[in-house]
Amino acid sequence: MIYCFSGTGNTLAVASRLAELTGEKVRCFTPEELRSPSEVMLDTDGGDDLRIIWAFPTYSWGIPPVVAGVMKKCHLSDSAVKATHIMLTTCGDDMAYTDRQWRRIMHSRGLTAAGAYAVKMPNTYVCMKGFNVDTPETAQRKLNAMPGAVEAIAESIRNGGADILIRLGWSWIKSRIIYPWFCKFAMSPRPFHSTDGCIGCGVCARSCPMGNITMTSGSESRPRWGDACAMCLRCYHICPRHAVAYGKTTAGKGQWQQELKSFTR
């Protein structure tokens, strides 16, 4: 069973491809589960292979806090306790020590942490100076390489092979210093707002994986952000009018929409 959290669709695309190769089922966490992780029940899919794959994006060189919350607080069926647990993460360029953070959580719960795997996908983080989506050429190059990377991961899972990681330099600083700072100081939803281009279509609210966005009433309905934000930026990237902004930091920056179609409803 693949339990998946995906903000902009990149992780879901990778998890779905892996599921095709391994015969797993993919289940995305619901907004209710992400908001109340202690009420989540994890189970295997009932097949012969007792295996749970945690699929999530890397945020600032670590596990998204909402996903870490589920890992730490969820309830586990007997088969989930006995299962082999595997990590599958997507990252723009570098996962740093995300795998070590995941293993610490698994070990703290007495679970068997087996392989850890990473796949490079197009960058989507745009909320700080110097960060933007990839150029179309770079994004396409990553997408072209993804199928082969997932095939290698599937082969490693089947044969109990070595981890497949994407780790550049300064990993300790990135995951042990910058990541905690990011979680504490750079994940507030307060800077989110709609610009004059907003037409009140509500796509951002309907698509939010946390159910954190509501639409104001009246003739000029506009999105309003609550406090339960995963900082996944789906609302920013999915907006058909590019009318979602994060303070002034997203001005002039691009959107990543290729993998978002499955979230539009």
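**Why these words fit this chain**

Student: What share of the contacts with a separation of 6 or more joins residues 24 or more positions apart in the protein chain?

Tutor: Those residues account for 74% of such contacts, where contact means heavy atoms within 4.5 Å. Bear in mind that this is a predicted model, where local features need pLDDT of at least 70, side-chain atom pairs count only at pLDDT 80 or more, and totals for chains, interfaces and linings use all residues. Residues are numbered from 1 along each chain as its sequence is written, and side-chain values use heavy atoms, leaving out hydrogens and water.

Student: Why is His 237 called buried?

Tutor: Buried means under 20% relative accessible area, exposed over 50%, and partly exposed in between, with a 1.4 Å probe and protein chains only. His 237 has 0%, so it is buried.

Student: Which residues is His 237 in contact with, leaving aside neighbours within four places in sequence?

Tutor: Among them are Thr 8, Val 126 and Leu 260. The His 237 side chain also reaches the backbone nitrogen of Trp 256 at 2.8 Å.

Student: What makes Trp 170 exposed?

Tutor: Its relative accessible area is 68%, so Trp 170 counts as exposed. Trp 170 sits in the loop between helix H6 (136-159) and helix H7 (171-185).

Student: How do you know that the radius of gyration agrees with a compact globule?

Tutor: The radius is taken over C-alpha atoms, and the globule rule is 2.2 Å times the number of residues to the power 0.38. For 265 residues a compact globule would come near 18 Å, and the protein chain has 18 Å, so the two agree.

How values were computed. Helices (H or I, at least four residues) and strands (E, at least two) are DSSP runs, numbered from the N terminus. A polar contact is a pair of N or O atoms within 3.5 Å; within protein, one must be able to donate a hydrogen and the other to accept it, and residues adjacent in sequence count only if both atoms are side-chain atoms.
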